[in-house]
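Please have the sequence and the model open while reading.

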Amino acid sequence: MLLFYTSTLSPRIKYISRLIFQDLLGLSIRYTQDKEEYLQSTLPKINYSRDPLQSGIFLQSVNLLFESDISEQDVKSGTYKGVVTMFSTGRQSLLPFDPLAASFFLVSRYEEYMPFIADAHGRFPAKESVMYRLGTLNKPLVNAYAEILATLLEEHNPNIVFSRPSYRFYNSVDIDNAAAFLGKGIFRIIGGYMQDILSLNFKQIGERSRSLVFGKKDPFDTFDYVLAMQKKYKFSTIYFALFARMGQYDRSLTRYSTRLQRYVKGIADFCEMGIHPSYRSNENFEWLEEEITSLQRVLKKDIKKSRQHFLKIHFPSTFRNLLQLEISDDYSIGYASEHGFRAGICTPFRFYDIEQEVETPLIMHPFPFMDGTFIYYLKLSPDEALKHILEYIEIYRHYGGEFIPIWHNRIYSEKEEEWKGWNKVFEEMVKAAV
């Protein structure tokens, strides 16, 4: 039991203290605003306020967690025992920064509620983030802050016992495009052949014909490969299916396609299936509802998990829509252009809606990278990417994190030149992660 004193028990303080002390350190918390109760208690205790008391651990607070609006923040960065810090405080505090305010700023994605220069898809760019500017995007600072607090508590309470989360690994696959050639309708098939002819891509003409004319399996139908890896190394995979209308950035088979329906039903017999909300549904609640309902109807089961197509998210509207449609878990928190920890954490956490000042039941599962980040944005070779991947696995093991990388069904085909060698990376990742 941890006794937590604060002058005002705000919703922000309750949210972040439960995340740090309960979820990450396994301590139960008792809150008090009574100074006498705090001073007389023999429990491990923390004073989170502006002024020191005569006992316990004094963490001098900044204003962020006592506010109820959204405004520009001065994060005042520094370092403490090799860890980058934010929200520096005075000398009376036992730590030179406010770890609770810093953690809330990161996991709530506070900076994404502020005006920013969006990328071409309307997304918050990694390079706009405080963590990127501080050069610490590859470090789960919230988990590191929790460990700093654990060390402090142990120094003052040698008999204290923590119960930290255990490391877990799940593979995840986005089905952005279920088929390279099959099931696309006569006009798309003719258009594909015309494009191949105009670009003199005779290799593609041959591959297209082998699938369409001679019945060879479509190159993007890679589920057998993933299933074989699952059986060999004993891990689980969550698939996220794009089940939408056709659009400029939604180029898979339409949800009316019998081929797509058979494909996702076959996968759902062996793996968990979530929705991959389309690019356009991010701004259209009716379309999002339509996509989730259609997938549920085909699979004859409830859909509770989601990951946004193109990682296209807006705080807080994207997650309010998911909550309204009874999605319980989202896997979209990460960047397309950079690998790292968008929310500064490698463990699941609950979505906090800053505009409404409420902790929601939606569980956010952050990811550290996707295959396309290394291939398309950073243009790394498979061997170069693998070095980063192995480093992330060690970080997740150290902090008891939930390691969920993103792969795409089409990459497993190694059909394109830039995809060759990535199956080896995938298998080496799995061997290290299980």
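Which helix gives the most to the lining of the largest pocket? In this predicted model, that helix is α6, which gives 6 residues to the lining.

**The largest pocket**

- The space in the largest pocket amounts to about 1000 Å³.
- Its lining is made up of 41 residues, and those closest to the centre of the pocket are D176, N177, R251, F310 and R410.
- At least two lining residues come from each of the helices α6 (185–198), α7 (202–212) and α12 (371–377).
- Sorted by class, the lining of the largest pocket holds 14 charged and 14 polar residues, together with 13 nonpolar ones.

**The packing of α8 and α14**

- Two packed helices are described by the angle between their axes and by the distance between those axes.
- For helix α8 (residues 223–233) and helix α14 (residues 422–433), the packing angle is about 25° and the axes lie 11 Å apart.
- Because angles under 35 degrees count as roughly parallel, α8 and α14 are roughly parallel to each other.
- The crossing in which α8 passes α14 is right-handed.
- On the α8 side the contact involves Y225, M229, K232 and Y233, which meet N423, F426, E427, V430 and K431 of α14.
- The residues of this contact between α8 and α14 comprise 5 nonpolar, 3 charged and 1 polar.

Methods. Residues are numbered from 1 along each chain as its sequence is written. This is a predicted model: local features need pLDDT of at least 70, side-chain atom pairs count only at pLDDT 80 or more; totals for chains, interfaces and linings use all residues. Side-chain values use heavy atoms; hydrogens and water are left out. On a 1 Å grid over the protein atoms alone, a cavity is a set of points where a 1.4 Å probe fits but cannot get out, and a pocket is an open set with protein on both sides within 12 Å along at least five of seven lines; lining residues have an atom within 4 Å of a point. Grid points are joined across faces, edges and corners, and a volume is the space filled by probe spheres set on the points. Helices (H or I, at least four residues) and strands (E, at least two) are DSSP runs, numbered from the N terminus. Ala, Val, Leu, Ile, Met, Phe, Trp, Tyr, Cys and Pro count as nonpolar, Asp, Glu, Lys and Arg as charged, and the others, Gly among them, as polar. Axes are lines fitted to C-alpha atoms, for helices over the stretch in contact, and angles run from 0 to 180 degrees between N-to-C directions. Angles under 35 degrees count as roughly parallel, over 145 as roughly antiparallel, 65 to 115 as roughly perpendicular and the rest as oblique. A crossing is left-handed if the near helix is turned anticlockwise from the far one by less than a right angle, and right-handed if clockwise. Contact means heavy atoms within 4.5 Å.
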